[in-house]
Amino acid sequence: MKISITPLDPWIAGRLVKEFPWYAAAEKKARIKDRSEIERAQKYLLSRIIEHASLYSPFYRNRLGNVKDLPFSELPFTFPSDLAESGLRFLTVSQSEIRRIVTLSTSGTSAPPKRVFFTSEDLKATEDFFMCGMTTFTPPESKVAIFMEGPSPDSIGQILKRASKRLGCETLVFGLIHDYADAILAIDDFRPLVVVGLSAQMARIAGKTEHKPDFVLLSADMAPASIRRRIENLWECITFNHYGLTETGWGCAVECRARQGCHVKELDLYVEIVDENGRVLPDGEWGEIVITTINRMSFPLIRYRTGDEGRILQDICPCGSPLKRIEVLGRLPKKGAGGGSLRLYDVEDALWGLPWVEDFKVFLECAGDIPERLFLTIAVAEGKQEYVEKSVDVLRQVPGVPSNIIAKKVSLSSIRHQSPKMDWEG
């Protein structure tokens, strides 16, 4: 069966004609011809944002200084700590133009929080991307239930609602789930075709509702293969994955119908993959995702190190679009027991693959950078202790997991997943 092309392709093709001077005004583009069109536009946008940031952002005026004429891959990186220490100095516009400020705490540390600033234009750009991406699996005039941040006017939930309204959809913004019973009732009452939410929260309610959505968009957290299988089996639905960061305006990349990597919105973001020494890696190799916001003039981020592990997939997507696709595992691995790597993704994937596991949280205690003990808080079917012991046995097979695992069985109601971006607890 032929796979329909990602809707990002014709959307970006139309923007190429509208936004770039080298296309004839009367030209119409139904899709992107080849990567050379994208790369030419990105080269222009990279040059423009570097010049703009150097002139108008106090942070980048100092950071780039006389190095802005170096090859792009040699420009200095921007780190989350820079945002925490110098948030306002990234701005290139007056504070009076800021419509929303988002404060992000750093999980597991005492570091100061990051602040990210959005103008009305930034929020509209996110809405446009959300609308385009949602058409992958959202027919016009269908029902959409959103279990994401709300209900403030410019929350993710409300931006998604505005985007869905442009498709003629009826939308329920439930918010992040605090009461799972209420969320189950909401789905059965509203009966949505499409559900959007955090992967762990969706896994908790999948199979417990009478109504079954056809499509589920997993966003804001990692979505291991096992959790996707669980949701799809219990709800008899199709899941799609979205990758985004608050720092990038939430939207970044979304899967098409092929579901083989997330297509990047390449007229807004330039993605690199680097190793631990900052060397740019070729497509196909795993490393840290680095993002430059090439079309966000108010709050530019140049070579921003996300702390996420991923890779740029090789070859053309089965859908036929030449847009780059990324595969994301989640937070960068830690040094594991025996000198290997320990990924939270691998731990999550192993546990969600066990049918008796209802939910869990993990906390990693380290001696310096080396994991020393793993604490597992777990809810299991029928509350059987033997299931806890079996879960620990499975964890011991995960590469890098320390031998010292301390497991505690708890009730399902005592485990909460209310914050996006999974990380080791603590």
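What volume does the second largest pocket have? In this predicted model, the second largest pocket has a volume of about 540 Å³. Its lining is made up of 24 residues, and those nearest the centre of the pocket are Arg15, Glu121, Ala125, Asp268 and Asn295. Two elements, helix 1 (8-19) and helix 5 (120-134), each give two or more residues to this lining. Helix 5 supplies the largest share, with six residues.

Helix 1 deserves a word of its own. This helix of twelve residues spans 16 Å between its first and last C-alpha, close to the expected 16 Å at 1.5 Å a residue. The buried residues of helix 1 are Leu8, Asp9, Ile12, Ala13, Arg15, Leu16 and Val17. An α-helix has 3.6 residues a turn, so residues three or four places apart point the same way. The partners against which the buried residues of helix 1 pack are helix 2 (35-56), helix 5, strand 8 (253-255) and strand 9 (262-264). Arg15, then, is both a buried residue of helix 1 and one of the residues nearest the centre of the second largest pocket.

A further helix pair can be described by the angle and the distance between its axes. Helix 9 (residues 225-235) packs with helix 10 (residues 344-352) at an angle of about 35 degrees, and the two axes lie 7 Å apart. On the helix 9 side, the contact involves Ala225, Ser226, Ile227 and Arg230, which meet Tyr345, Glu348, Asp349, Leu351 and Trp352 of helix 10. Sorted by class, this contact holds five nonpolar, three charged and one polar residue.

Definitions and conventions
Residues are numbered from 1 along each chain as its sequence is written. This is a predicted model: local features need pLDDT of at least 70, side-chain atom pairs count only at pLDDT 80 or more; totals for chains, interfaces and linings use all residues. Side-chain values use heavy atoms; hydrogens and water are left out. On a 1 Å grid over the protein atoms alone, a cavity is a set of points where a 1.4 Å probe fits but cannot get out, and a pocket is an open set with protein on both sides within 12 Å along at least five of seven lines; lining residues have an atom within 4 Å of a point. Grid points are joined across faces, edges and corners, and a volume is the space filled by probe spheres set on the points. Helices (H or I, at least four residues) and strands (E, at least two) are DSSP runs, numbered from the N terminus. Axes are lines fitted to C-alpha atoms, for helices over the stretch in contact, and angles run from 0 to 180 degrees between N-to-C directions. Contact means heavy atoms within 4.5 Å. Ala, Val, Leu, Ile, Met, Phe, Trp, Tyr, Cys and Pro count as nonpolar, Asp, Glu, Lys and Arg as charged, and the others, Gly among them, as polar. The expected span of a helix is 1.5 Å times one less than its number of residues. Buried means under 20% relative accessible area, exposed over 50%, partly exposed in between (1.4 Å probe, protein chains only).
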